[in-house]
Amino acid sequence: MNMRQLDSIRHTVRRLEALAELLLLTLAYYLVWRACYRGDPLPPYYGLGKFTLAGVYLALLWIVMDNDDGLKFGYLKLTGVLLSQWVSLLIVNVVTYFQLCLIANALIPVLPMLALTALDAAISLVCCYLYTLLYHSMHAPRKMLMIYGDKRSVTLKVKMDSRSDKYKISEMISAAEDPAQIKARIRQYRAVVICDVPAEIRNDILKFCYANDIRTYITPKVSDVIIRGAERIHLFDTPLVLVKAGGLNFEQRFLKRAVDLLLCGIALLILWPLMLVIAIAIKLEDGGPVFYKQRRVTRYDKEFDILKFRSMIVNAEQAGISIPATERDPRITKVGRVIRATRLDELPQLLNILKGDMSIVGPRPERVEHVRKYTEEIPEFGFRTKVKGGLTGYAQVFGKYNTSAYDKLKLDLMYIEQYSLLLDFKLILMTISVLFKKESTEGFDMAITPEEVLKECAEAEGDDPQGEEKTPAQV
């Protein structure tokens, strides 16, 4: 059986696992409804009505979990899948509770729904644990060859090593080596990582891997991301793609703004008591201002003052010098440690969204001085200002505090080029889950240098890093 057939079987197994769990959760809902809500105060639904209720619950579960990556057993870490599922279950059960209240035309007892949520969480825990074990029993980590161009790109190895259950980079070779030697090494592996390799060399390697049925992982360039969002034209026998390069069109901007206003209005109605408590706590701690303002850049390079709850001492940045805060930074106040860890310091940006300076989802607005610096290093950095800055986005969901500016640019361009309201909904859901993941708050002080990666690789091969200098291929 070849790798393609195995992958097909694994994909089918994962789908069946997801279906089995969703049906089990729906059965739990049906039993709670039957025992606690059927007939009083809700209609008894002796006919097909009860199946309609169960079907709506099943559909909601599937839509929310799938969009929050809650069904990617093994693909994501166990804790990541579990958190996504629990957030999804909470959302679905809240929506379902109010749905039943509408049917009953009254506020029904909430205790059965709380009991259902606890039962769902237990079912989710068992299923995710068993499915993750099954995934790893079927998926041995592939031994991989990394072909790198820019020396800085070798830090990707560290990121992939963090998922040693899925990936194992056994050898690294520079794209500057002889093409024949590179292809000879490729033949020794079933998977290859191509990382920041010049386009002409990359295309040659990719075609070679494709011809030899070798799985290939590629870090995209900015031009690749732009092409992915292009419109395909089939008017001639020569394929064409159209890159419009204008960001969102009028209809998309109108709908996005309408959704921003609706969701922000609802969020402020729900969260204003919490925001009031935070404001009082900040004021009581040191008597300083509640809010912290900072100049940021949004669509078309427009500058605005972004709002945050103040989490550091007054005048933490003397003479306007920006010093990124570390985890144990003494400038952070007691209240600040809590609101930074939970991201509650970002809540005042709901006011920025209502004003129109920002959107709920979009590239994170950068500081004015950072935009100047990054644009000098990466001329394409300005592409991300084709849309309004956002409270959350691809870079906030998938990136970390120490993610490079170039990688953040690619993530933001992926959002711009693939924009849809469904994507906004998906990113909002995923943001809720990310709030509980510690690795997403990894700080600037935890970065690793390319030299450290190469040294680690040399030591893993038993080489003496202080001895005779090795060529990239030998590393």
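Hi everyone! Let's start with tyrosine 29: its relative accessibility is 2%, so this residue counts as buried (under 20% relative accessible area, with exposed being over 50% and partly exposed in between; 1.4 Å probe, protein chains only). Tyrosine 57 is at 1%, so this residue counts as buried too.

A quick word on the source: this is a predicted model, where local features need pLDDT of at least 70 and side-chain atom pairs count only at pLDDT 80 or more, while totals for chains, interfaces and linings use all residues. Residues are numbered from 1 along each chain as its sequence is written, and side-chain values use heavy atoms, leaving out hydrogens and water.

Now, the aromatic pairs. Rings of Phe, Tyr and Trp (its six-membered ring) pair if their centres lie within 6.5 Å; planes under 30 degrees apart are stacked, over 60 edge-to-face, and the rest tilted. The count comes to 10 aromatic pairs. In one of them, the ring centres of tyrosine 29 and tyrosine 57 are 4.2 Å apart with planes at 15°, so the pair is stacked. Tyrosine 29 sits in helix α1 (residues 3–37) and tyrosine 57 in helix α2 (residues 49–67), so the pair ties together parts 28 residues apart in sequence. Helices here are DSSP runs (H or I, at least four residues), numbered from the N terminus.

Phenylalanine 250 and phenylalanine 254 are stacked as well, at 6.4 Å centre to centre and 25° between planes. Both lie in helix α9, four residues apart, about one turn of the helix.

Notes:
Helices (H or I, at least four residues) and strands (E, at least two) are DSSP runs, numbered from the N terminus.
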